[in-house]
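Me: I have a structure open and want to learn how to read it. Can you take me through it feature by feature?

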Amino acid sequence: REGAHQFVSRISQLANHYYANVIFNISGGYKGLIPFMTIMAQVNNSDMVYIYEDSETLIKIPKAPITVDYNFIEQYHDEFGLLDKGIENYGAVKRENYQRFAVLEERRLVEFADDLALLSPIGRIFWENFQNQFVEFCCSDPVFEEIKMQPDIRRILSEKFFVREIRESKTKIKQGSSGSKHLVYDDGNNNNRIYYFEENGLIYIYKTFENEEAARKFIYSRLDKELIIKESTIRKWRVNHV
């Protein structure tokens with residue numbers, strides 16, 4: 001009732017919800033956890049290895065062609081969210097929406113402790129995988145509308161920007177004549193630039209460019225963080241783990 005849940009959460013924590021560079025070693029440890037490790041590896045498209053007892057041969061287990069049914073999770077998004085937190089007095093809650101919870105139970109995604117219902121360890125694996133497909137950032141409505149019109153910026157946000165190691169390695173501090181210091185994501189040998197800052201664990205994007213000359217001119221603008229935060233709304237963005 002506790003160990004498998006905590007194990008799944010701990011692995012997700014260690015991976016920092018990013019599995020592209022994670023290798024699962026299923027050789028040792030408590031054998032009851034190996035099925036959960038295997039499912040986590042396959043669902044998150046991670047490499048998996050195994051060494052049999054005293055053998056010195058490393059066996060690499062191939063990735064299975066698994067596709068997660070995100071449409072199903074989106075369809076039952078509210079129920080997944082409630083079960084993730086734990087539903088007390090589950091019998092009464094289920095009676096109000098019997099068919100939806102019955103589907104999740106049939107798929108072995110629900111686990112019970114008396115009248116408390118939770119996501120099963122398998123359910124938690126798929127729920128966390130679904131959540132890992134999205135990131136949150138803040139920006140104003142005009143900036144968000146501009147991003148929608150910039151295919152290169154959309155690609156960078158989906159594939160690169162929200163990977164901390166990539167973002168930090170490509171970020172430069174630019175100081176203009178106004179005295180403001182801007183953090184600028186410089187995508188490299190191209191015209192794409194993203195102006196942003198981080199505040200209280202959130203990323204605020206306040207200007208994006210697909211034109212290097214226009215991006216350079218913007219360096220001399222004044223940075224008003226308080227106004228940007230006031231005008232910004234939290235956005236959810238789907239990412240590609242490449």
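Reply: Start with burial. A residue counts as buried when its relative accessible area is under 20%. Keep in mind that this is a predicted model.

Me: How many residues of α7 are buried?
Reply: Eight of its 11 residues are buried, so α7 is largely enclosed by the rest of the structure. The buried ones are Pro121, Gly123, Arg124, Ile125, Trp127, Glu128, Asn129 and Phe130.

Me: Which residues touch the most other members of the largest nonpolar core?
Reply: That core has 35 residues, and Phe24, Ile73, Phe80, Leu83 and Leu104 touch the most other members. At least two residues each come from α1 (3-15), α2 (34-43), α3 (70-75), α4 (77-85), α6 (98-106), β5 (116-119) and α7 (121-131). The top contributor is α2, with six residues.

Me: What is Leu104 in contact with, beyond its neighbours within four places in sequence?
Reply: Its partners are Phe72, Tyr76, Glu79, Phe80, Leu83, Leu109 and Val110. There is also a second, separate core of 18 residues, and Phe137, Ile153, Phe162 and Ile194 are among its members.

Me: Now the sheets. How do I read one?
Reply: Strands of a sheet pair through backbone hydrogen bonds, either parallel or antiparallel. Here, an open sheet of three strands runs in the order β1-β2-β3, with mixed pairing. β1 (23-25) and β3 (59-61) are the edge strands, each pairing on one side only. On average, neighbouring strands are turned by 30° against each other, direction ignored.

Me: In which sense do β1 and β2 pair, parallel or antiparallel?
Reply: Parallel, over three bridges, with β2 covering residues 47-50. Find Phe24: Met48 in β2 stands opposite. Then look at α2, which packs on the sheet and touches β1 and β2. The direction of α2 makes about 165° with that of β1.

Me: Where is Ser46 found?
Reply: Ser46 is in the loop between α2 and β2.

Me: Is Ser46 buried or exposed?
Reply: Buried: the relative accessibility of Ser46 is 2%. Its side chain reaches the backbone oxygen of Tyr19 at 3.1 Å. Not counting residues up to four places away in sequence, Ser46 touches Tyr19, Val22, Phe24, Ala41 and Lys63.

Me: Last topic, aromatic rings. What describes a pair?
Reply: The distance of the centres and the angle of the planes. Centres within 6.5 Å make a pair. By this rule there are 23 aromatic pairs. Take Phe137 and Trp237: their centres are 6.2 Å apart and their planes lie at 65°, so the pair is edge-to-face. This pair links distant parts of the chain, 100 residues apart. Phe137 sits in strand β6 (residues 134-139), and Trp237 in strand β11 (residues 233-238). Phe137 is buried at 0% relative accessible area. Trp237 is buried too, at 11%.

Me: What about Phe209 and Phe218?
Reply: That pair is tilted, with 5.5 Å centre to centre and 55° between the planes. Phe209 is buried at 9% relative accessible area, whereas Phe218 is partly exposed at 21%.

Me: Which residues form one aromatic cluster?
Reply: Select Tyr70, Phe72, Tyr76, Phe80, Trp127, Phe130 and Phe134. Phe80 was listed for the largest core, and Trp127 and Phe130 are among the buried residues of α7.

Technical notes
Residues numbered from 1 in each chain as written. Predicted model: local features only at pLDDT ≥ 70, side-chain atom pairs only at ≥ 80, totals over all residues. Heavy atoms only, no water. Core = buried A, V, L, I, M, F, W, Y, C linked by side-chain atoms within 4.5 Å. Buried < 20%, exposed > 50% of the residue type's maximum accessible area, 1.4 Å probe, protein only. Helix = DSSP H or I, 4+ residues; strand = E, 2+ residues; numbered from the N terminus. Contact = heavy atoms within 4.5 Å. Pairing = 2+ DSSP bridges. Axes fitted to C-alpha atoms, helices over the stretch in contact; angles between N-to-C directions. Polar contact = N/O pair within 3.5 Å; in protein donor to acceptor, adjacent residues only side chain to side chain. Phe/Tyr/Trp six-rings, centres within 6.5 Å; stacked < 30°, edge-to-face > 60°.
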